[in-house]
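Student: I am new to this structure. Please pick one part and take me through it closely.

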Amino acid sequence: MTNRHDSVLLHFVVKVVMAPAIMLFGLYVLVHGEVSPGGGFQAGAILAAGLILSRMTLSSDQGRRLFSRPRLVVITVLGMLLYTGTGIAAMFSGGNYLDYGVIPFEWIDRFVPGDLGRRHIGVFAIEVGVTLAVFGTLALAVDYLAEPHEPEETEG
């Protein structure tokens, strides 16, 4: 993707200050997305921006240690499965697709009685699924687009 820059200050600022702050803000947007502006798509885009920043600043090998391409594919697929699984769980529980209130989360009834608690858990599951899918998709897209491309040789 990129070569490593030799600036110690740049590495410190990205590794210690900017990338963790961006990731923390992405988690904040995810958690508060159902009651304030934001949500799964925005959180996934912010988290991907933090990863992309670290990959652009540091070398590609350092940036791929935690989030390699196969792991990003798994994260994307898990996000899509969580989203779809929440909708299917609602259908099997007697409601419509993505009707969160009918999903039997009995353990949440101890904290928030009735339909409200189950809806919040269902919405949060959807938001996490969208976040994972968007994060993985954007990170993979930038990873493949930034990769140096060598033209194919034709025989003939």
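Tutor: Accessible areas come from the Shrake-Rupley method with a 1.4 Å probe, and for residues only the protein chains shown count as cover. This is a predicted model, in which local features need pLDDT of at least 70, side-chain atom pairs count only at pLDDT 80 or more, and totals for chains, interfaces and linings use all residues. Residues are numbered from 1 along each chain as its sequence is written, and side-chain values use heavy atoms, with hydrogens and water left out.

First, the setting. The protein has 5 helices and 0 strands. Helices (H or I, at least four residues) and strands (E, at least two) are DSSP runs, numbered from the N terminus. Of the 156 residues, 35% are buried. Buried means under 20% relative accessible area, exposed means over 50%, and partly exposed lies in between (1.4 Å probe, protein chains only).

Now to the part itself. Helix α4 covers residues 69-92. Its 24 residues reach 34 Å from first C-alpha to last, close to the 34 Å expected at 1.5 Å a residue. That expected span is 1.5 Å times one less than the number of residues. After α4 comes Gly-94, with a positive phi near 100 degrees.

The helix has buried residues, among them Leu-72, Ile-75, Thr-76 and Gly-79. Val-73, Val-74, Val-77, Leu-78, Met-80 and Leu-81 make a nonpolar surface patch of about 520 Å². Patches are made of residues with over 30% relative accessible area and no salt bridge; like charges are joined within 9 Å, and nonpolar side chains (Val, Leu, Ile, Met, Phe, Trp, Tyr) within 5 Å. Take Met-80: its relative accessibility is 45%, so it counts as partly exposed.

Next, look at Arg-69. It is buried, because its relative accessibility is 18%. Arg-69 forms a salt bridge with Asp-143, with the closest N and O atoms 2.9 Å apart. Arg-69 is in α4 and Asp-143 in α5, so the pair ties together parts 74 residues apart in sequence. A salt bridge needs a side-chain nitrogen of Lys or Arg within 4 Å of a carboxyl oxygen of Asp or Glu. Asp-143 is buried, with a relative accessible area of 1%.

Asp-143 has another partner. Arg-55 forms a salt bridge with Asp-143 too, at 3.3 Å between the closest N and O atoms.
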